[in-house]
Amino acid sequence: MTTPRKPGTSRLWALLLVSLALVLGGGGLAAAIQTDGGDVTVSDLRFTGNGGQTLSALLYVPDGVSAEAPAPAVLAVHGYINSRETQDAFAIELARRGYVVMALDQSGHGFSGGAAFANGYGGPAALAYLHSLDIVDPDNIGLEGHSMGGWTVLSAAAAYPDYYRSVVLQGSSTGSGVAPEGSTEFPKNMALVYGSWEEFSLLMWETPEPDQVQAGQKMQSVFGTDEPVETGRVYGSIDDGTARVVYRPTNTHPGLTFDPVAVGHTIDWFDQTLDGGQSASGQIWWLKEIGTLVAFLGGILFLFPCGALLLRTRAFGGVVTEPAPGIGLRGLPWWGASLLGAVLSAVTFFPLQIWGPEWVTASAWFPQTITTGVAFWALANAVISAVLFAVWHLTQGRRSGGNARTYGLATGSTARTVGRSAGLAATIALGLYGLLALSDWLFLTDFRFYVWNLHLMDAERFRVFLVYLVPFTAFTLVVATVLHAQLRSSESRWGTGRRMVLNGLMLALGVLVLTVVNYIPLLAGGNLWVDTQPLLSIVAYQFVPLLFVIGLLLTWFAERTGTIYTGAFLSAILISWNNVAGTANQYDVGSWDTGSWFLRVVLPLFLAAGLAVAAVLRTRRSRGRDQAAVPSGTAADERPLAGATAAPRGGERS
């Protein structure tokens, strides 16, 4: 294998500066668009929900709006396992047109406390809060929600029927979840924006395929007709509050939040049903998506030079050892093993994520059913991969000289290497988190693009993050071992860069192919290939870029350190962070039950005791070295103080 050429310090600093420039430049662009060049004020809200939990929202207030000059308002709500930022397109464009917009974090999502699905998803409390603001015209409030966010605003409409005038449902429906049933009179003035490639047709409108929804009995009863509902035709009367209309953009369920056509229909409907809006040309929200993507890429890039520079410090330099020559597969066997791993990840993706939450129900320990499913899938794949790796080691690897050292698992002081590697990974991740916190403080934006994001965590979610970090660490340790040992050959001519890209592609390949195959029938006018799992089909999106980045990290840090540990620990942190921060809690993690007590009190006490013991042992070792350095027979009062520098002898140069 080609010996990796380590970049010089100047080049690493240049890469670090580029990453910071991308974070600041992308965040600045996102902030400029989000505020419409300073004409809209965006603020971070916290208020109390009906269940006593804290609810979070972003509030968009156009210039000129005040208690003396109130404006029409819109409550905008994201879908399941998303956050308030998912409503950016609608919030930005409506605020540009003079609407006060509250983009809510549903209960159990984002920075909102409580459990998902509770208290009308947080919708009634949010509508009451919005209605109470003196800058809002209480007679001109609209409701907009995507997917489960539609159920959220419908719950709000049922709780406060006099607080709103019209509704836009994005890929949503009445009478699903805990949302009230719809009729020709409820909700008032409803527009339905429903993608032609909708994954949830059966759940939402009780029809098996998306092109059948307008002929379904459920939709017809809400629209007050016994004929197929016509696209774009307004049924009922806006003045009477009974108006209904359906639009069918060419897009998927999650794609509606990323679609200028859906945004345009939403603007038009509120212009027709609410008073006080303004005109604005075009749509600019997509520029914010580019900005947060640029910042996201800058954050990912930051990990590499940051880690490499830290490896050159005294604190973490001991992690580095020369990588042993690779003794793994090459040629056709390499491709066969890599493709087998991709197939296994794809074949097990749906069943294992279904079984996980069934066997490990939501609790204080594992409050997120989606993340539990992902962790179960990851652990099961780790076990399968470990077994296959063991078979390879016994049949081939051992005969080729494979051992813990050549596999990147052992060094001269393995325990110390593992500990320092964990500290290094945590330090790098803390640097990335600091950049995200800086972006939030400066620009009130996070790192995201479409369904992939890194979001800040409050204390409760950080606790959840630590729990899920354990299974994800087991997963990345196994994957790193396979990549560094079984799939690394000394006879390969690939350099580090090519190996990074190829390993990233191989890790992402299974989920990528699964997603493509799954969606081909839907895009052809039918339904998903696995039509019973629309939610997990959407969950799969984010794992394509995430697994690719994991492949880059595992390869880079294994080549730089000679062991698998730093890359594995850092990758586990990213996976757990990505999943926990952007997913819903199905259990109220703010409750002080057994699991919460252990993690918030007992575990920190054990950690404190461990740190104290380590400090005592380190002090004793230091004293032992100092005493050993004193020549035998020297009087105690003649011994130099620890750390003191002896004076130079006469004639010697200091």
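Visitor: Where is leucine 442?
Guide: Leucine 442 sits in helix α12. Keep in mind that this is a predicted model.

Visitor: Is leucine 442 buried, partly exposed or exposed?
Guide: Leucine 442 counts as partly exposed, because its relative accessibility is 43%.

Visitor: Which residues form the nonpolar patch on the surface?
Guide: The patch consists of Leu24, Leu438, Trp441 and Leu442. Together they have about 420 Å² of accessible area.

Visitor: And which helix gives the most to that patch?
Guide: Helix α12, residues 414-443, gives the most, with three residues.

Visitor: What about leucine 444, where is that?
Guide: Leucine 444 is in the loop between α12 and β9, the latter being residues 447-449. Leucine 444 is buried, with 15% relative accessible area.

Visitor: What is the phi of leucine 444?
Guide: The phi of leucine 444 is positive, about 55°, although this residue is not a glycine. Most residues other than glycine have a negative phi.

Visitor: Which loop holds aspartate 36, and what is its phi?
Guide: Aspartate 36 is in the loop between α1 (9-34) and β1 (40-48). Aspartate 36 has a positive phi of about 55° and is not a glycine either.

Visitor: Changing topic: which residues does a cis peptide bond join?
Guide: A cis peptide bond joins phenylalanine 186 and proline 187, with omega at about -5°. Most peptide bonds are trans. Proline 187 belongs to the loop between β6 (166-170) and β7 (190-193).

Visitor: Now salt bridges. How many does the count come to?
Guide: The count comes to 14 salt bridges.

Visitor: What does lysine 288 pair with?
Guide: Lysine 288 forms a salt bridge with aspartate 88, and their closest N and O atoms are 2.6 Å apart. Lysine 288 is in helix α8 (residues 285-310) and aspartate 88 is in helix α2 (residues 88-96), so the pair ties together parts 200 residues apart in sequence.

Visitor: Are lysine 288 and aspartate 88 buried or exposed?
Guide: Lysine 288 is buried, with a relative accessible area of 1%. Aspartate 88 also counts as buried, at 2% relative accessibility.

Visitor: Which side chain does glutamate 93 meet in a salt bridge?
Guide: Glutamate 93 meets arginine 96, at 2.7 Å from N to O. The two are three residues apart in helix α2, which means that about one helical turn separates them. Glutamate 93 counts as buried at 0% relative accessibility, and arginine 96 counts as buried at 14%.

Visitor: How many residues of α2 are buried?
Guide: Nine of the nine residues are buried, so α2 is largely enclosed by the rest of the structure. The buried residues include Ala89, Phe90, Ile92 and Leu94.

Visitor: What follows α2?
Guide: Glycine 98 follows α2, and its phi is positive, near 95°.

Visitor: What does glutamate 230 form a salt bridge with?
Guide: Glutamate 230 forms a salt bridge with arginine 233, and the closest N and O atoms are 3.3 Å apart. Glutamate 230 counts as partly exposed at 43% relative accessibility. Arginine 233 counts as partly exposed too, at 40%.

Visitor: And which residues are linked in a network of salt bridges?
Guide: The network links Asp44, Arg46, Arg84, Glu85, Asp105, Asp446 and Arg448.

Visitor: Back to helices. At what angle do α10 and α11 pack?
Guide: Helix α10 (residues 349-359) and helix α11 (residues 369-397) pack at about 120°, and their axes are 7 Å apart. That angle makes α10 oblique to α11. The crossing of α10 past α11 is right-handed.

Visitor: Last one: where is leucine 75?
Guide: Leucine 75 is in strand β3, residues 71-77. Leucine 75 counts as buried, at 0% relative accessibility.

Visitor: How far is the C-alpha atom of leucine 75 from that of glutamine 87?
Guide: Those C-alpha atoms are separated by 10 Å, and the two residues are twelve residues apart along the chain.

Conventions
Residues are numbered from 1 along each chain as its sequence is written. This is a predicted model: local features need pLDDT of at least 70, side-chain atom pairs count only at pLDDT 80 or more; totals for chains, interfaces and linings use all residues. Side-chain values use heavy atoms; hydrogens and water are left out. Patches are made of residues with over 30% relative accessible area and no salt bridge: like charges are joined within 9 Å, nonpolar side chains (Val, Leu, Ile, Met, Phe, Trp, Tyr) within 5 Å. Accessible areas come from the Shrake-Rupley method with a 1.4 Å probe; for residues, only the protein chains shown count as cover. A salt bridge is a side-chain nitrogen of Lys or Arg within 4 Å of a carboxyl oxygen of Asp or Glu. Helices (H or I, at least four residues) and strands (E, at least two) are DSSP runs, numbered from the N terminus. Buried means under 20% relative accessible area, exposed over 50%, partly exposed in between (1.4 Å probe, protein chains only). Axes are lines fitted to C-alpha atoms, for helices over the stretch in contact, and angles run from 0 to 180 degrees between N-to-C directions. Angles under 35 degrees count as roughly parallel, over 145 as roughly antiparallel, 65 to 115 as roughly perpendicular and the rest as oblique. A crossing is left-handed if the near helix is turned anticlockwise from the far one by less than a right angle, and right-handed if clockwise.
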